[in-house]
Amino acid sequence: MDVQDDLSTYQGRLKTFTESWPFSKGKLTRQEMAKAGFFYLKGDCVQCYYCEKELDCWEEEDDAFVEHKNHAAYCPFVKMFSEPPNSVTVHQAIELEKDKLLLSLDRSFEKWLKDIKEVNEQGISKFSKEIKKIRKLRL
Ligand SMILES: [Zn+2]
């Protein structure tokens, strides 16, 4: 991926905002969105590069960074900065990538646990049906 297209950078995120982005004032300009960690999807829908949260239904008076914090307080990006950063140091960028990866691993673990639980429940249900069948045979 080209450095310019890297969504971990402000410039990379800014480039994703096309003419279709409906806001050009206040705290919802393309620049403010990119600065708040978002890249553009479609309509008025954006996604955070770090926590993958998608947000839409913006209102004129909204503040991109504040909304990001309100809807995804767990996001490494909004946890690291108290306000939209003008620049990110190499050290901060590495920390953010590490936290992004940990967040993604956590999601995978949760999903795997859920899958295992489902499979177990299906197994238990099948097993108890078999037991019932066997018990009926005895009668
Ligand atoms: Zn985020």
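How many residues does helix α5 have, and how far does it reach from its first C-alpha to its last? I started my notebook with that one. This is a predicted model, so I keep that in mind throughout.

**Entry 1: helix α5.** I looked up residues 90–138 and found 49 residues in α5. From first C-alpha to last, the helix reaches 72 Å, close to the 72 Å expected at 1.5 Å a residue. Next I asked how many of the residues of α5 are buried. The number is one of the 49, so α5 lies largely in the open.

Entry 2: I went to Val 88, which sits in the loop between α4 (76–80) and α5.

**Entry 3: the strands.** Strand β1 covers residues 38–42, and I see it pair with β2 in the antiparallel sense over four bridges. Lys 42 has Cys 45 of β2 as its bridge partner, and Phe 39 stands opposite Gln 47 in β2. The two strands make a hairpin with two residues between them. In that turn, Gly 43 has a positive phi of about 55°.

On to the other neighbour. β2 and β3 (residues 54–55) also pair in the antiparallel sense, over two bridges. Here the bridge partner of Gln 47 is Glu 54 in β3. This hairpin has five residues between its strands, and Glu 52 in the turn shows a positive phi of about 65°.

Which residues of β2 are on its covered face? I noted Val 46 and Cys 48 there, with Cys 45 and Gln 47 on the uncovered face.

**Entry 4: helix α3.** For residues 64–71 I listed the buried ones: Ala 64, Phe 65, Glu 67 and His 68. They cover an arc of only 160° around the axis, which puts them on the same side of α3. I reminded myself why such spacing works: an α-helix has 3.6 residues a turn, so residues three or four places apart point the same way. What covers the buried residues of α3? My list includes α2 (30–35), α4 and the strands β1, β2 and β3.

Notes: Residues are numbered from 1 along each chain as its sequence is written. This is a predicted model: local features need pLDDT of at least 70, side-chain atom pairs count only at pLDDT 80 or more; totals for chains, interfaces and linings use all residues. The expected span of a helix is 1.5 Å times one less than its number of residues. A residue is buried if 20 or more other C-beta atoms lie within 10 Å of its own, exposed if 12 or fewer, and partly exposed in between; C-beta atoms are placed from the backbone. Two strands pair if DSSP finds at least two bridges between them. The arc is that of the directions from the helix axis to the C-beta atoms. Two residues are in contact if their C-beta atoms, placed from the backbone, lie within 7 Å.
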